[in-house]
Structures are given as C-alpha cells and as structure tokens.
Amino acid sequence: MSRAVFFERFKREIGMTPSDYMTSWRMALAKQQLLQGAVVSEIAEQIGYGSASAFTAAFKRHVGIP
C-alpha cells in the first residue's frame with residue numbers, strides 16, 4: 001500500500017489524518033496527566049515534545065487554553 005493510499009484510507013476510516021489523530025491522542029494523554037497533577041516538563045518529554053514551551057504552545061493550539 002502506498003503512503004498516499006494509506007493516508008486516504010486512514011482518513012476515510014477514522015475521520016482525520018494520521019497526524020491529527022496522533023496529536024489528539026497525545027493531547028488526551030497530556031490532559032489526563034495534567035488532571036493528575038503531573039509536571040508540564042515531564043508531560044512534554046513523555047509525549048515527545050522537545051521542550052515544555054513547545055508542548056505548551058501545541059496544547060494551547062489544540063485545546064484552546066494554556
């Protein structure tokens with residue numbers, strides 16, 4: 001299966017692109033950890049962001065609140 005076919009099939013089946021799905025999944029994990037009182041820098045590292053500020057910006061963009 002080509003990459004283009006995979007992306008199209010994924011979007012048709014799941015309703016979003018693979019990258020949007022991964023972002024949603026990562027942010028769901030982050031929200032859960034934040035509610036449990038985890039430290040932002042630790043969350044950023046665990047879900048694959050290079051810095052707390054990069055994670056904070058992505059989280060705000062995705063969720064709408066810092």
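Helices (H or I, at least four residues) and strands (E, at least two) are taken as DSSP runs and are numbered from the N terminus. Just after helix H4, Gly-64 takes a positive phi of about 100°. The model is predicted, and local features need pLDDT of at least 70, side-chain atom pairs count only at pLDDT 80 or more, while totals for chains, interfaces and linings use all residues. Residues are numbered from 1 along each chain as its sequence is written, and side-chain values use heavy atoms, with hydrogens and water left out.

Helix H4 itself covers residues 52-63. Its 12 residues reach 16 Å from the first C-alpha to the last, close to the 16 Å expected at 1.5 Å a residue; the expected span is 1.5 Å times one less than the number of residues. Which residues of H4 are buried? They are Phe-55, Ala-58 and Phe-59, where buried means under 20% relative accessible area, exposed over 50%, and partly exposed in between (1.4 Å probe, protein chains only). Seen down the axis of H4, these buried residues fall within an arc of 100°, so they line one face of the helix; the arc is that of the directions from the helix axis to the C-beta atoms. An α-helix has 3.6 residues a turn, so residues three or four places apart point the same way. On the other side of H4, Ser-53 and Arg-61 are exposed.

The buried residues of H4 pack against helix H2 (18-35) and helix H3 (40-46), contact being defined as heavy atoms within 4.5 Å. Ala-58, for example, touches Met-27 and Tyr-49, not counting residues up to four places away in sequence. These three residues also belong to the largest nonpolar core, a nonpolar core being a set of buried Ala, Val, Leu, Ile, Met, Phe, Trp, Tyr and Cys residues joined through side-chain atoms within 4.5 Å. This core has nine residues: Met-27, Ala-30, Ile-43, Ala-44, Ile-47, Tyr-49, Phe-55, Ala-58 and Phe-59. H2, H3 and H4 each supply at least two residues of the core, and H4 gives the most, with three.

Two further residues of H2 deserve attention. Gln-33, found in helix H2, is buried, with a relative accessible area of 18%. Its side chain is joined to that of Gln-46 by a polar contact of 3.1 Å (a pair of N or O atoms within 3.5 Å; within protein, one must be able to donate a hydrogen and the other to accept it, and residues adjacent in sequence count only if both atoms are side-chain atoms). Arg-26 also has its place in helix H2. Leaving aside neighbours within four places in sequence, Arg-26 is in contact with Ile-47, Gly-48 and Tyr-49.

The aromatic rings come next. A search of the whole structure finds five aromatic pairs; rings of Phe, Tyr and Trp (its six-membered ring) pair if their centres lie within 6.5 Å, and planes under 30 degrees apart count as stacked, over 60 as edge-to-face and the rest as tilted. The rings of Phe-10 and Tyr-21 have their centres 5.7 Å apart and their planes at 75°, so the pair is edge-to-face. Phe-10 lies in helix H1 (residues 3-14) and Tyr-21 in helix H2, so the pair ties together parts that are 11 residues apart in sequence. At 18% relative accessibility Phe-10 counts as buried, whereas Tyr-21, at 38%, counts as partly exposed. Ring pairs link Phe-6, Phe-7, Phe-10 and Tyr-21 into a cluster.
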